[in-house]
Amino acid sequence: MQEFVEFTLGGITDGLIYAAIGLSLVLGWRGTRVLNFAQGGMAMFTSYIALIVVDAGGSYWLGFVVALASGLLLGAVVERVVVRPTAGKPPFNNLIVTIGLLILIEGVAGIIYGSKNRSFPAAYSIVGAKVGNFALGPGSSPSAIFTAASVLAVALLLAALFRFTPVGLRMRASAFSGTVAQLMGVRVGRMTTLGWALAGLIGALAGMLVTPQTFLYPNSMDSIFVLGFTAAVIGGLDSPVGAIVGGLLLGVLLNYVTGYVGSNLPELAGLAILVLVLMFRPTGLFTSTATRQV
Amino acid sequence: MTLARHVGIAIIATVVLLALSSKLDSFRQYQLAQVAATVIAVAGLTVLIGISGQISIGHGAFMFIGGYATALIVMHLKWPLAAAILASGLVAGVAGAIMGVAAARLRGPYLAGATLMLAVALPAVAFQWQGVFGGDQGLDFTVSTPGFLGASFQLTEWDAWVCCLSAVIVLVLLANALRSRVGRNWRAVRDNDTAAALAGLNVAKLRVRAFIVSAACAGISGSLLAVTMLNVTPGAFTLALSIQLLTAVVLGGVGSLAGAIWGGIILVLVPPFLTNFANSHGFSAGSASVPIVGYGLVLIVVMLVFPAGIQGGIRRLLGLAGPTAAGQVNALGRRWQLARNPAGRGAAAENPGGRAEAGYQIAASEAAANDGVTEEGTP
């Protein structure tokens, strides 16, 4: 029973991190129909930037803000410089370009920072809470609560942005139909860039939240990224709510797998889940478009 | 006729390579073996991507399977080397069949993500069952040169022979497959799967078969690399390896077996050069990452600037009937036509010949048109 509670709470925390990555993928995908395979690599890079700030004597929170700001900037730059030129070309081209970007960023991080694991500060304690003698595990620590709160806060802010602001309306219009939005006077290109910038910011947040557990090295976000991708696909790749629910489902399931079956196999279990979802419910659980070819 | 030509070229290539390997020092023999082994994986991947129209960014996983299969077979069953290599290819092919069944239903980014996940996930198997796979240390094994070559025969030269011969055999088989019914069927499925299904082809079966062939090539390649290094570790089969293979395919020219040879050569010979260059210019700490940056730049620049790759460039330089060069331009033209006027898609379908890359782009642009939110509204 104690284990079960521990795994469930841990799963919720992990799941919200996958959800954050999934959310960033959904944001990029909705605007451009490009899946950013470099999202995890970008988050790894912004985490290094935060670590530099902290190591140079800045506070954790300064590093946090700098990481998020650089994520925002990196997302915009990536969209303008390497993704925009592939617009109108076959999907194969933009896929290869974002994979190239992933390995480029990982290589640059390896050159600048070396490839050894670095420990990374957490915002709050990672010691789990106890109710009497009943330990709730790391999933109940202040750090985990901060993770959950910040991901949910970002998701709510994003929902508010899309629903209640003129910019959000323009972004939705551009994603729905670029041509029509353009005819109505929306600067579609800018909306796309903004979408990628926000995706970069959310990815950077995910990096800050997960890196204290994984350590920081050039490949540190690889497995988080593929699980975030799975979360987004479970949710339909088109739906922000779907990404969050998908992330939570995946996180809890994987914590049961790693807890009860084998601690080294989360990605393999995630792959099995991904394949099953794509086979039996290819539209995902929460997609708004009626059909899609997967 | 085609078969005779391929076999003829293969015999000449084998003789030249064997003669060459005896002239090289042992480090160059080792590199020759590595080039040959890599070419096999790259050729398999280019068949999958360029001919059958599926993507895999996790082919390192099948090399992992082939490498570990060889190590386990040699250590525990003590089979002869040729049997071990073949069996490793078969094991990887079975794994490819499993992945292929899932892949047959997936397109573009979904398939890319699933295969990426395979590459990230599989090395963990070595840690989960340390007793069998040796964990982080991996497995060490030994192979010896056959007795009839004499005791003084170098192991590196023997490795070079084995790898070159394997590469030649695999390339001949692939080249023939591409010229045969199955190759034509793959192209048909790639260019327009609906039309292929209407013409009576079993699309899913063809896709799975391409995955099996491609995974088996990767397995043989992984097996040969394990034999040249005499060990396998999970660290040798990283995501970077999978992306290297993709880089070689893209750089050589997607869908061209000759391009796969160029890609394989560059992939093995250039990175050590880059690393040495970085070391000698004071970058020693991160020098191992310099080639990684190179792969990233190559993937981005090739895709943005010259998507036909090296083989496309060679064809254009030589002014060869240039199915590639001409096809490239035509495909571009058609794509623009398609983009502006979806009704023009019929024109593309009328001209289904063309080259691998050209065909790929047609297929891809049709896929793009299909993936769009609305058929007519695709900008």
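## A buried glycine in chain A

A residue is called buried if 20 or more other C-beta atoms lie within 10 Å of its own, the C-beta atoms being placed from the backbone. In this predicted model, G139(A) has 24 other C-beta atoms within 10 Å and is therefore buried. The residue sits in the loop that joins β2 (134-135) to α5 (142-164) in chain A.

Leaving aside residues up to four places away in sequence, G139(A) touches E6(A), L9(A), G10(A), I12(A), T13(A), G128(A) and A144(A). L158(A) is 19 residues from G139(A) along the chain, and the C-alpha atoms of the two are separated by 25 Å.

## Helix α5 of chain A

Buried residues of α5(A) are S143(A), A144(A), T147(A), V151(A) and V154(A). An α-helix has 3.6 residues a turn, so residues three or four places apart point the same way. The elements that cover the buried residues of α5(A) include α1 (2-32) and α8 of chain A.

## Two residues with positive phi

Most residues other than glycine have a negative phi. F215(A) is not a glycine, yet its phi is positive, at about 70 degrees. F215(A) is placed in the loop between α8 (188-214) and α9 (222-234) of chain A. It counts as exposed because it has 12 C-beta neighbours inside 10 Å, and the cut-off for exposed is 12 or fewer.

In chain B, K78(B) also is a residue other than glycine with a positive phi, here near 55 degrees. K78(B) belongs to the loop between α3 (60-77) and α4 (81-103) of chain B. Is K78(B) buried or exposed? With 8 C-beta neighbours inside 10 Å, K78(B) counts as exposed.

## Chain B as a whole

Chain B contains 18 helices and two strands. It has 379 residues, and 55% of them count as buried. Among the contacts in chain B with a separation of 6 or more, 78% are between residues 24 or more positions apart.

## Two helices of chain B

How do α12(B) and helix α15 (residues 309-318) of chain B pack? Their axes are 3 Å apart and the angle is about 15 degrees. Angles under 35 degrees count as roughly parallel, and α12(B) and α15(B) are therefore roughly parallel to each other.

On the α12(B) side, the contact is made by V250(B), L251(B) and G252(B); on the α15(B) side, by G309(B), I310(B) and Q311(B). By class, the residues of this contact are three nonpolar, three polar and no charged.

## Where the chains meet

Between the two chains, 53 residues of chain B are in contact with 48 residues of chain A. On the chain B side, the elements giving two or more residues are α5 (108-121), α6 (124-128), α12 (239-252), α14 (290-305) and α18 (356-371). Which element of chain B gives the largest share? That element is α5(B), with 11 residues.

The side of chain B that touches chain A has 40 nonpolar, 10 polar and three charged residues.

Notes: Residues are numbered from 1 along each chain as its sequence is written. Chains are lettered from A and ligands numbered from 1 in the order in which they are written. This is a predicted model: local features need pLDDT of at least 70, side-chain atom pairs count only at pLDDT 80 or more; totals for chains, interfaces and linings use all residues. Helices (H or I, at least four residues) and strands (E, at least two) are DSSP runs, numbered from the N terminus. Two residues are in contact if their C-beta atoms, placed from the backbone, lie within 7 Å. Ala, Val, Leu, Ile, Met, Phe, Trp, Tyr, Cys and Pro count as nonpolar, Asp, Glu, Lys and Arg as charged, and the others, Gly among them, as polar. Axes are lines fitted to C-alpha atoms, for helices over the stretch in contact, and angles run from 0 to 180 degrees between N-to-C directions. Angles under 35 degrees count as roughly parallel, over 145 as roughly antiparallel, 65 to 115 as roughly perpendicular and the rest as oblique.
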